[in-house]
Structure formats: structure tokens, C-alpha cells
Amino acid sequence: YISVAVVILFANTMVNKIKGNLINIVLLVIAIAALLLSGKRGMLVAIAVAIVVVTILYLYDQKKLKFGQFLVFLVGTLAVYYMIMYTDIAENIIRRSEYGDDFLSGRDVIWTRAMEGIRKNPIFGNGTGSYSLIHTSSVHNSFLHAWYENGLIGLVLLVGAMFAAGFAGVSALRKCKNPRNKGYVLAALSYQIFFAVACFTDHLMQYNSLMACYFIFAAVPYVAVTQEKQEKI
């Protein structure tokens, strides 16, 4: 849930000027600190990938880097550096990473078990809900989970739908000229990328609230483009 705050605040910081936007910057630093304190390695990697990719897309769209945005990145980087080096955050992350040979926290065993079931019915799968019926936990990978239960057909439909939503976001970023609408699209893209990357280490689709967030953010680019068209009329 903290990731929702991070992507929204990050998008606002990207499109708005520093003046009058300090509260967003402060809240963004607090949200990132909260995410770091969680010690969730997969989520941290996912949000980092989302921010980097969306920043590249935005700079490509803008064709330049404004001084204010550079200042935000500089201050943000220094703040994160301070939190990692001079607080217990780094120790917490390292502690969660110290599993000896079990760096993946047992996920490799679960993924191997899931692949065994996938090999039995790779095309049509074993049926929705079948993995949870047999095992006490999820596959901890949304894509493997979908493949196990709904086969290659379900996996292709899932990945295709996520790609379509992402492509709509990139297309909307080019079409939107209003900074407000552009901010909405940046937040939507950030959450979609975060969600997709995090799905490799957890089965986020089992959480109804997170799925609802994904559907909302996936719909935002379409709304932003429609709003942009109406503003031109």
C-alpha cells in the first residue's frame, strides 16, 4: 500500500515545480523511508525499477531535464543515502537477506514444485484455485501461479492484458500536454511497472485491494487522454 503513495507523490514531484511542491517532496521521502523500513526486498526492487523506467520515459517525452527535477533527484538521493547509512534501515534489509543458502526465502522450492505441476498440464493448466487447494501457500510468483492454474492460455492472456495497459500508458504520456494529466499518467505507469515487477516475487493478484488499485491505475491513461481531448474542444 505504501507503493501507491510513492508512485503518486513521485509523479507529482516530476511534473510540478519545486516552489509550492515541498510538501510532496517531504511526503515522498517519508513514503520511501517507510518502504525501506518494511525490508521487503522484492517490493524495493520493483519500486526502484518503476521509478527508473518512468523517469527515462518522462525525460524522453520532455526531451530535457529541468533543474528543479535534478534538484529533487539530488535531495532524494542524499536523503535515501542518509536513511540507509545512519539509521537501522540497512541493518533491517541485511537481516532479512541473511538466509544462508536460502536467499530466496524458500521461493525456489515453491517455484520448482509449481513447475512440476505446470509440466503435467502446460496448455490448459490444472484449474483455477487448484494450487491453493493442494498447498498451503501461493506460488509467490503471479505469472507462475497463472500458468499453473490456467495454463499457457491464461498466462498469455494475463501478460497480454498487462502489456496492453502499459502500452496505453506510454501512448497517453505522449498525447497529454497538460502537466496535471501527465502527472496522472506517470503515476499510472509507475504503479503498473511496480506491480508487474513485484509479481515475480509475490502473488499480488491474491490481494483484492491491490488488484483494485491496479485496475484503477490501468484505467487512468484512458481517462487522461479523454480529458485532454475535452480540454482542446
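Tutor: Because the model is predicted, local features need pLDDT of at least 70 and side-chain atom pairs count only at pLDDT 80 or more, whereas totals for chains, interfaces and linings use all residues. Residues are numbered from 1 along each chain as its sequence is written, and side-chain values use heavy atoms, with hydrogens and water left out.

Student: How many salt bridges does the count come to?

Tutor: Side chains of opposite charge can pair when their charged atoms come close. With a salt bridge taken as a side-chain nitrogen of Lys or Arg within 4 Å of a carboxyl oxygen of Asp or Glu, the count is one. Lys-182 and Asp-61 form a salt bridge at 2.8 Å, N to O, and this pair links distant parts of the chain, 121 residues apart, with Lys-182 in helix H9 (residues 179-198) and Asp-61 in helix H3 (residues 41-62); helices are DSSP runs of H or I, at least four residues, numbered from the N terminus.

Student: Are Lys-182 and Asp-61 buried or exposed?

Tutor: Both are buried, a class set at under 20% relative accessible area, with exposed over 50% and partly exposed in between (1.4 Å probe, protein chains only).

Student: How many disulfides does the structure hold?

Tutor: A disulfide is a covalent bond between the sulfur atoms of two cysteines. With the sulfur atoms required to lie within 2.5 Å, the structure holds zero. Cys-199 is buried at 0% relative accessible area, and Cys-213 counts as buried at 19%.

Student: Why does Ile-153 count as partly exposed?

Tutor: Ile-153 counts as partly exposed because its relative accessibility is 45%, and this residue lies in helix H8 (residues 142-175).

Terms used:
Helix = DSSP H or I, 4+ residues; strand = E, 2+ residues; numbered from the N terminus.
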